Amino acid sequence: ASVEWGYDSHNGPETWPIQYPQAAGEKQSPIDIQPVNLKTLKMNKNLQWKYIPEQCEELFNTGTSWKVHVNGKGSELAGGPLEGTYVLEQFHCHWGEKDDEGSEHTIDGQRFAGELHLVHWNSKYSSFAEAAEHPDGLCVLGVFLKPGNKHGELDKIVAQLPKVEFKNERLYLTEPVDPALFIPEDNGYYTYQGSLTTPPCSECVIWIVFKEPVEISQEQLAAFRNMKSNPREAQMPSNYNGCVRRNYRPTLPVGQREVVEAM
Ligand code: B30
Ligand code: ZN
């Protein structure tokens with residue numbers, strides 16, 4: 001059997017290209033965003049989102065993160081660098097062992113404690129899977145997380161994490177969660193063409209990374225770090241994987257790509 005990808009030395013980002021050749025491509029994510037190399041563009045249209053909190057209903061432990069699945073198609077993103085409409089599929093987080101690491105994107109080499117990803121797919125394609133085969137197929141909004149005040153909306157998810165402590169556990173959220181409340185007040189962002197940051201690392205993502213971080217509390221970060229990467233039934237020392245202490249991919253070369261700062 002093949003090794004399942006993860007973030008340890010035996011299955012971590014350095015090893016992903018063995019089973020997922022796209023991970024060795026030239027348009028990979030995340031990247032270090034360097035303000036000196038940016039091109040600033042006045043966007044003709046503002047970024048616009050319309051999310052339906054009642055559709056954000058299923059919480060999963062994927063073994064590498066938590067993820068909230070959005071059921072139905074009404075939650076939409078458009079404008080900014082996007083042509084057409086993108087449908088929200090899921091959102092999830094990346095974090096690290098300590099507060100000085102955890103984000104996937106970095107700004108001038110600076111990391112944040114975490115990064116929230118709101119994953120959307122282009123409604124001109126017939127499914128998420130089909131969209132993920134095209135360079136304009138997905139749009140992921142990236143929001144940096146920094147330690148500070150407790151985030152009220154995120155706490156609806158954090159409060160449920162103990163019930164999905166182990167890999168493959170899931171539940172239906174009883175309270176609607178509004179993803180719009182994860183987007184920072186200042187809508188300034190960077191955008192570039194890149195990839196999924198986990199296998200299969202397909203180069204199908206228009207990235208929109210907000211400049212301004214949002215705050216989450218130490219307790220909320222601790223709840224992320226306490227999630228388990230193994231199934232409940234696999235707790236024997238021989239196959240014990242332990243906690244998802246970190247789940248971010250290191251940055252990759254920008255190469256020939258243009259990174260745009262939206263005004
Ligand atoms: S990320 O935002 O670049 N970290 C995937 C999506 C987003 C990122 C990385 C990977 C991904 O593999 N998605 C495929 C899994 N899913 C779709 C989904 O995103 O959640 C397939 C599925 O279930 O059948 Cu719904
Ligand atoms: Zn992600």
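1. A polar contact here is a pair of N or O atoms within 3.5 Å; within protein, one must be able to donate a hydrogen and the other to accept it, and residues adjacent in sequence count only if both atoms are side-chain atoms. By that rule, a nitrogen atom of ligand 1 lies 3.3 Å from a side-chain N or O atom of His94. The side chain of His92 has an N or O atom 3.3 Å from a nitrogen atom of ligand 1, and for Thr197 the distance is 2.8 Å.

2. A word on conventions: this is a predicted model, in which local features need pLDDT of at least 70 and side-chain atom pairs count only at pLDDT 80 or more, while totals for chains, interfaces and linings use all residues. Residues are numbered from 1 along each chain as its sequence is written, chains are lettered from A and ligands numbered from 1 in the order in which they are written, and side-chain values use heavy atoms, without hydrogens and water.

3. Now the zinc ion (ligand 2). Its protein donors (N, O and S atoms within 2.8 Å of the metal, or 3.2 Å for Na, K and Ca; water is not among the atoms, so sites may look incomplete) are His92 (NE2), His94 (NE2) and His117 (ND1), at 1.9 to 2.0 Å. Along the chain, the donors are spaced H-x1-H-x22-H. His94 in strand S7 (residues 86-95) and His117 in strand S9 (residues 114-122) link distant parts of the chain, 23 residues apart; strands are DSSP runs of E, at least two residues long, numbered from the N terminus.

4. Why is the arrangement around the zinc ion tetrahedral? Because its four donor atoms subtend angles of 99 to 116 degrees, and four donors count as tetrahedral if all angles lie between 85 and 135 degrees. Ideal angles for four tetrahedral donors are 109.5 degrees.

5. The copper atom of ligand 1 is coordinated by His69 (NE2) and Glu89 (OE) at 2.0 to 2.5 Å. This site is tetrahedral too, with angles of 102 to 120 degrees among four donor atoms. His69 in strand S5 and Glu89 in strand S7 are 20 residues apart.

6. Buried or exposed: which applies to His69? His69 is buried, at 18% relative accessible area, and Glu89 is buried at 18% as well; buried means under 20% relative accessible area (1.4 Å probe, protein chains only). His94 and His117 are buried too.

7. Finally, 14 residues surround ligand 1 (a heavy atom within 4 Å), including His69, Glu89 and Gln90. Strand S7 gives the most to this shell, with four residues.

Definitions and conventions:
Tetrahedral: all angles 85-135°; square planar, octahedral: opposite > 155°, others 65-115°. Buried < 20%, exposed > 50% of the residue type's maximum accessible area, 1.4 Å probe, protein only.
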